[in-house]
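The following paragraphs lead the reader through one predicted model. Please keep the sequence and the structure in view while reading.

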Amino acid sequence: MNGANDTPAEEPNVPERPLEEGKTAGKTEVDAQAAPVTEETGRQRLAAGLWPPRVSRAQLIVALLLFVLGLGLAIQVRSNSDSSALRGARQEDLVRILDELDGRTKRLEDEKQRLEDQRRELESSSNQAEEARKQTVEKERQLGILAGTVAAQGPGITLKITDPTGQVQSDQLLDTLQELRAAGAEAIQINGVRIVAGSYFSDENGGVGIDGKKITQPYEFKVIGKPQDLEPALNIPGGVVQTLEKEQATVAVTRSAKIVVDALRAAKQPDYARSSSG
């Protein structure tokens, strides 16, 4: 019994659980293999977060302001550098630079004056040419009215002579025309025939001939001129109206603010006369 008690007691056997340790070791190895995959995924996420860059409107405005500020500073620095260079220049150099600037300014002013003089000359020439053209057109119009080649309109009178007995002769119509011209008539037509400087009257059977064209009564004068002068000239004592009325003719004079003389003459080219100008 005692010998049995003297025998040292054996420690209880604790199972090593190799399977549990194997599982732990296996799990650590799997984790070690999986770690690089986790690190690579993080880099990809970081790269995805940085590119493409996401810039807000406020960041763009700030960047633009910084750019403008930097540009202004650069210009200021350059200006200061130039000013510093001038401040450090010698008096002879400053005088030379000032003389060059004065000379350049004088040349520019002379060029400006020359260009202004040239512009005035061109404008004057253009105005003179335009004025000459206007005068030529107006002169042509006036000559056309006198020659009967263009129509005319303006204030004037209408003179209508009714001759039921046929007593009015060509000379009486010519006297009427001369009286109207003396009173300032500028354009006249009688029964559709334009009266010009070379017009002539003749007696025709049952009427009167003007420039070879026969017209019959009533004789209607369309006259452009100042009505206040034309009408009194016809009604003076012993004048046209009284003379025609003695021939049993009826005379009616009507003022008008617009008389149209549209009977035209064909323009004739002279056979021998030529312009002496040029």
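Ser-170 is in contact (heavy atoms within 4.5 Å) with Phe-201, Ser-202, Asp-203 and Val-208, its neighbours within four places in sequence being left aside. Ser-170 counts as buried because its relative accessibility is 9%; buried means under 20% relative accessible area, exposed over 50%, and partly exposed in between, with a 1.4 Å probe and protein chains only. The residue is found in helix α5. Helices (H or I, at least four residues) and strands (E, at least two) are DSSP runs numbered from the N terminus.

As this is a predicted model, local features need pLDDT of at least 70 and side-chain atom pairs count only at pLDDT 80 or more, whereas totals for chains, interfaces and linings use all residues. Residues are numbered from 1 along each chain as its sequence is written, and side-chain values use heavy atoms, with hydrogens and water left out.

Two packed helices are described by the angle between their axes and the distance between the axes. For helix α5 (residues 170-182) and helix α6 (residues 227-234), the axes come within 9 Å and cross at roughly 145°. Axes are lines fitted to C-alpha atoms, for helices over the stretch in contact, and angles run from 0 to 180 degrees between N-to-C directions. At this contact, Thr-176, Glu-179 and Leu-180 of α5 meet Leu-230, Ala-233 and Leu-234 of α6. Four of the residues in the contact are nonpolar, one is polar and one is charged.

The strands include an open sheet of five, in the order β3-β2-β7-β1-β8, with antiparallel pairing; two strands pair if DSSP finds at least two bridges between them. At the edges stand β3 and β8 (250-261), each of which pairs on one side only. From one strand to the next, the twist averages 20°.

Strand β2 (residues 187-190) is joined by four bridges to the antiparallel strand β7 (residues 219-224), where Ile-224 is the bridge partner of Ala-187. Three bridges join β2 to strand β3 (residues 193-195), also antiparallel, and Gln-189 stands opposite Arg-194 there. β2 and β3 form a hairpin with two residues between them, and Asn-191 in the turn has a positive phi of about 50°.

In a regular strand the side chains alternate between the two faces of the sheet. In β2 both faces are covered: Ala-187 and Gln-189 on one side, and Ile-188 and Ile-190 on the other, are all buried.

Definitions and conventions. Ala, Val, Leu, Ile, Met, Phe, Trp, Tyr, Cys and Pro count as nonpolar, Asp, Glu, Lys and Arg as charged, and the others, Gly among them, as polar.
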